[in-house]
Amino acid sequence: MSDETRLTELRQKFGRQPAAPDETTGAEPTPREAQPRFRGLESGHRACQGCGEALAARLVMECAGPDVMVANATGCLEVFTTAWPESAWRVPWAHSLFENAAAVASGMEAAMKARGRNTKVLAFGGDGGTYDIGFQALSGMLERYHNVLYVCYDNEAYMNTGIQRSSSTPHAATTTTSPAGRERMGKRHLKKDLLSIIAAHHIPYAASASVAFPQDLQRKVRYAMGIDGPTFLVVHSPCPLGWRHESRLTINVARRAVECGLFPLVELERGSLTNVMPIRDQRPVTDYLQLQGRFAHLFGDDPRAQQKRDHLQALADYNVQVYGLTGAGPDPADTGGAAAVGRSGVAAGRR
Amino acid sequence: MTVLTRGAYGLPGTSLAYKTGNWRSTERPVHVHAKAPCHAACPAGEDQQAWFAKLQEGRAEEAWQVLVAANPLPGVTGRVCPHPCQNACNRKTMDGALAIHNVERWLGDEAIAQGWTHPVAEPAPDAPVVAIVGAGPAGLSAAYHALRHGLRAALYETAPEAGGLLRSAIPRTRLPRHLLDAEIGRLLSLPGIEITYRARLGRDVSVEELASDHAAVCLAPGCQQGRAWDVAGALPSDHHEGLALLREFMDHGQFPPASRIVVHGGGNTAVDLCRLMKRSGVQQVTLITASGLPGPQTAPDDVLNVVPRELDEALEEGIEIVPHATVNRLIMRGSKVIGAEVASLRKERGADGRTRRVTFEGTERVIDVDMVIPCIGELVDPEGLEPLVDRGYLRPGDTWGRLQDNLYALGDARGDRGTVAEAVGDGRRAAEAIAARLAGAEPEADDRGELTAEGLNPVYYEGAPRSTAPKLAVQQRGFDTEIEGDIGRAAALAEAQRCLSCGNCLACDNCWTFCPDNAVIKTVELATDGSHYLFDLDYCKGCGLCADECPTGYIQMQPERGP
């Protein structure tokens, strides 16, 4: 099949994007077309069952779009959304190299500026493309003060290439390059405190979010979208395959990471801490660890297991203390209140 | 002209051509409207979850209409029911069960105050007529539900007023008469219900006559005859049986004089009698019961069958309760009783698997009394029902109350009932069975599963303390003023917000928000209930996330059908 035939076929099947919001095709919209939200990332993508990253990207697109364009670093997100000749994206989207999403986004932003457009540019990368490989490009983009929102989907290892450790992999997690065994109990080093490094660039806004708290995540995206200048968001996105938990547990795992203190949800403006999501009842880290196969060795007979669990608990307690995550009683904005739902979604913290 | 190179270009949204639904291998999400435990436990068949959902939206009248679709007497049951719904409420595992009975009562009272009317149409003039003997809660409910099924109802009541036991045996401190009159009056004024007072079975009407003149006959005569009680053959000359004493008091406002009494029995009648007599000046009131007091040590089927709050109030008022005991012997001086010999007793399972009451030798003690009142239950008065009564009751063979083809037994007369709510439920089921039979069909039981607390996701519910109703202090309790007060509109609506909506959609959007594959489609932008979400199985990969994150258990993963 030639490219032209295939393209024509796809055009006939899906039509063309309306050129303007008031342009209609005349046909009755299908229920999918009539969704009361912007569908920036459509179905049919090849993410694994229960993928936290697919969910996070969709949540970001929902409130960032439609007037955006995306530079996407190599990684799971790029691979599973764009199996040629199909694309799950419904916004202009460019695939960059693994290491230069921020640089490509800088160029796109400069081009938009040159053409007198305010289309916001987003840069997407995984933790490998952000914490490690693309770090210098990211630092440069922040330093040059481009009007770009950089979103890092943090699933704490190189999942696309087969679960290799990254500098974001938490301490003691097993990966294919930090296997737990006789010599070591998983990764020897600590998770890099990227947010502090980003904040040290003195940018207007840097924050962490989690797929378990979608309203909080979307509020942060909207806030960042309104800022003219570099902004950064790191989204904790569980990977059922790499973290070895059941696909149905993605949200539960992400929630527990926040509730135990290992993944604090914080906001920094110009390098200063401006907001945190308080933890209503801090969970022991074991509640979080025991759901995941990557920490299974911490629950065996090995005498080092207890020490590692205590170490992770100490790291969580450190976060709670440093960021002041202990709330003063129940609060609609804390981990308990932010999750609350009610009939038709009207509860504290709901949209 | 666009030059396409391999991998350079893909049109927006075209991944829709790739149906990831074929990745599902074992399970798919489905919407399952399981019974909420309150609904499953309700003997009257109310769906509390459904009417709480209306209240959550602030629609009190609609909530009341949903409520009265099952139970036409919510003001009554809200006051007198031992509320098995509340005991079953899944919220009890979190921060306390909902105060369901208080809200039900508030809705019932609000309906009276606002003059809300039953949404029941008048049946056709030639509609089949159901004859109903007895206008107590079972009979009234049967008449009302007959109407809802398009039938007419003809009630026959011995007394000059309707209400049965509600009027004759429940103290005003629990059930004010003006409320009872209002609810019964509203029901009896519905077009299609005829009632004949002072019509005694066996004297004025007979079952055979009724059966030949009507489409069906419902027998709801209640239990009017005290069970024979004597202790080793001795009966004092001034012997009084509990229910008769209570009825007499309700009519005349007086008890025979006594200063120390023992009441023997273990139901609401016994406790009501104890409390009224204590208030009327009896110094020492002791309740001897074969059952146990509620507590972790007591098996559920061994607990005293009394409305829990009534039991608490009785203890507050200084009623002494001796659980797991029986009256062995009366100590007489001439024909007057001066003491009761009490012994410990337990219901024990014998070798044949049947439960027996075993009295333990050596536990006998004597209580000084001047009156012993048995409250050990009543039997059906057999007058006019002779061939149907079997060992004291009518004993129908099934839950619909069928005795014979067109003959149904409801309420206390069945022998396996004991609450107003059960009687109301019997009336509803009998009417349903009659309507089905007239249509040439079988009535269908609702055999949906029940949603237990494990099926909920508790993280999505914000904690909220339970509302409480005001209560009269012990010194202020008399014979007329109601002891438990009204919860009030604000508290009732706040309490409704605590409902977890077990097994039914809350429209909270969690599934729609959390699906990583966009496979949950919303068909209505704003909704408050029901399922307006669709699963797009073309794209659903079967991860099970929606089912896990559904707060109410409305989404469940079920095996894929077929190969």
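Predicted model: local features only at pLDDT ≥ 70, side-chain atom pairs only at ≥ 80, totals over all residues.

**Entry 1: the largest cavity**

I began with the lining of the largest cavity, which by class has seven nonpolar, ten polar and two charged residues. Residues are numbered from 1 along each chain as its sequence is written, chains are lettered from A and ligands numbered from 1 in the order in which they are written, and side-chain values use heavy atoms, with hydrogens and water left out.

I looked up what a cavity is: on a 1 Å grid over the protein atoms alone, it is a set of points where a 1.4 Å probe fits but cannot get out, and lining residues have an atom within 4 Å of a point. Grid points are joined across faces, edges and corners, and a volume is the space filled by probe spheres set on the points. By this rule I get eleven cavities of 30 Å³ or more. The largest cavity has a volume of about 160 Å³. Its lining takes 19 residues, and A:Thr74, A:Gly75, A:Cys76, A:Gly126 and A:Asn160 lie nearest its centre. In chain A, the elements giving two or more residues to this lining are α3 (76–81), β3 (120–126) and α5 (127–132). The largest share, three residues, comes from α5(A). Helices (H or I, at least four residues) and strands (E, at least two) are DSSP runs, numbered from the N terminus.

**Entry 2: chain B as a whole**

I found 17 helices and 20 strands in chain B. Its C-alpha trace spans about 120 × 60 × 50 Å along the principal axes. Of its 563 residues, 55% count as buried (under 20% relative accessible area; exposed is over 50%, partly exposed in between, with a 1.4 Å probe and protein chains only). I also noted that residues 24 or more positions apart account for 71% of the chain B contacts with a separation of 6 or more; contact means heavy atoms within 4.5 Å.

**Entry 3: two helices in chain B**

At what angle do the axes of α3(B) and α6(B) cross? I read roughly 105° for α3 (residues 60–68) and α6 (residues 100–114), with the axes coming within 10 Å. The helices are therefore roughly perpendicular to each other, a label for angles of 65 to 115 degrees. On the α3(B) side, the contact is made by B:Ala60, B:Ala63, B:Trp64 and B:Leu67, and α6(B) brings B:Glu104, B:Trp106, B:Leu107, B:Gly108 and B:Ala111. By class I have seven nonpolar, one polar and one charged.

B:Glu110 sits in helix α6 of chain B. Is B:Glu110 buried or exposed? It is buried, because its relative accessible area is 15%. Not counting residues up to four places away in sequence, B:Glu110 touches B:Trp116 and B:Arg489.

B:Asn504 lies in the loop between α15 (489–497) and α16 (510–514) of chain B, and B:Asn504 is buried too, at 15%.

A:Asn275 is in strand β8 (residues 272–276) of chain A. I have A:Asn275 down as partly exposed, because its relative accessibility is 33%.

Note on methods:
1 Å grid on protein atoms, 1.4 Å probe; cavity = no way out; pocket = protein on both sides within 12 Å on 5 of 7 lines; lining within 4 Å. Nonpolar A, V, L, I, M, F, W, Y, C, P; charged D, E, K, R; others polar. Axes fitted to C-alpha atoms, helices over the stretch in contact; angles between N-to-C directions. Parallel < 35°, antiparallel > 145°, perpendicular 65-115°, else oblique.
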